[in-house]
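I opened this entry to record what I looked up on pockets and strand pairing. The sequence and model follow.

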Amino acid sequence: MTSSLRLSLGALCLATLAGCATPGSTTSQQSTERSDGQWQEQLDEVKGFTSWNLIGKVGLRTPQDSTSANLDWRQTPWQYRLLVTGPIGAGRSTLEGRDGRVSLTNSEGRFEADSPEELMEQQLGWSLPVSNLTDWVRGLPAEGQPHESTEDSLGFPDTLSQDGWEIDYRSWHNVDGVWLPSRLVMTYDDLRATLVVNQWEALEE
């Protein structure tokens, strides 16, 4: 994978949540400080959070260049839509998936492929591990794959290494009593992607 391909690789970085106790918006914060043991107490809720709309921004940096874009990610157990606007998305790109079908729409038209990774590689010249990101953005490792992780002093995820990526959890939001990541720094070789989550919003399933 070349640097130019990896530069855009982190563009769509983001996430998963909803279910039993559904977090709302990051604007409704209940506590300003995390405490020891909270991560384990809320782990089932985080794993069950599967329907959301996430608004954020991602910045990408390589030794050759740096850029950023806005991200709007709508996710449910049956479908997803990632809207990327700005330089990374070449203006505006929309990746959608449902019922085993994946499509990408941009200024050049609408395209389909068997997987989101294959489609992005074909049409954008880079690929993103979309399936893994739905877990990583929640502070969880992707299931069924080897990984290494560390915890901070309160027992929350601190770092995660999986599938060639290094994820560093820098800050957290309290969303209706559930702590969710709000700033992640992800690296792959010489690519550095910083994801800032401005809003988590739970959706009705």
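What volume does the second largest pocket have? I read about 230 Å³ for the second largest pocket. A pocket here is an open set of points on a 1 Å grid over the protein atoms alone, where a 1.4 Å probe fits, with protein on both sides within 12 Å along at least five of seven lines; lining residues have an atom within 4 Å of a point. A volume is the space filled by probe spheres set on the points, which are joined across faces, edges and corners.

I noted that the model is predicted: local features need pLDDT of at least 70, side-chain atom pairs count only at pLDDT 80 or more, and totals for chains, interfaces and linings use all residues. Residues are numbered from 1 along each chain as its sequence is written, and side-chain values use heavy atoms, without hydrogens and water.

I then listed the lining of the second largest pocket: 13 residues, with Q79, Y80, E96, G97 and R98 nearest the centre. Strands β3 (79–86), β4 (91–98), β5 (101–106) and β6 (109–113) each supply at least two of its residues; strands are DSSP runs (E, at least two residues), numbered from the N terminus.

I followed Y80 into the pairing and found Y80 of β3 to be the bridge partner of Q75. β2 (residues 66–75) and β3 run antiparallel, joined by six bridges; two strands pair if DSSP finds at least two bridges between them. β3 also pairs with β4 in the antiparallel sense, over eight bridges.

Conventions: Helices (H or I, at least four residues) and strands (E, at least two) are DSSP runs, numbered from the N terminus.
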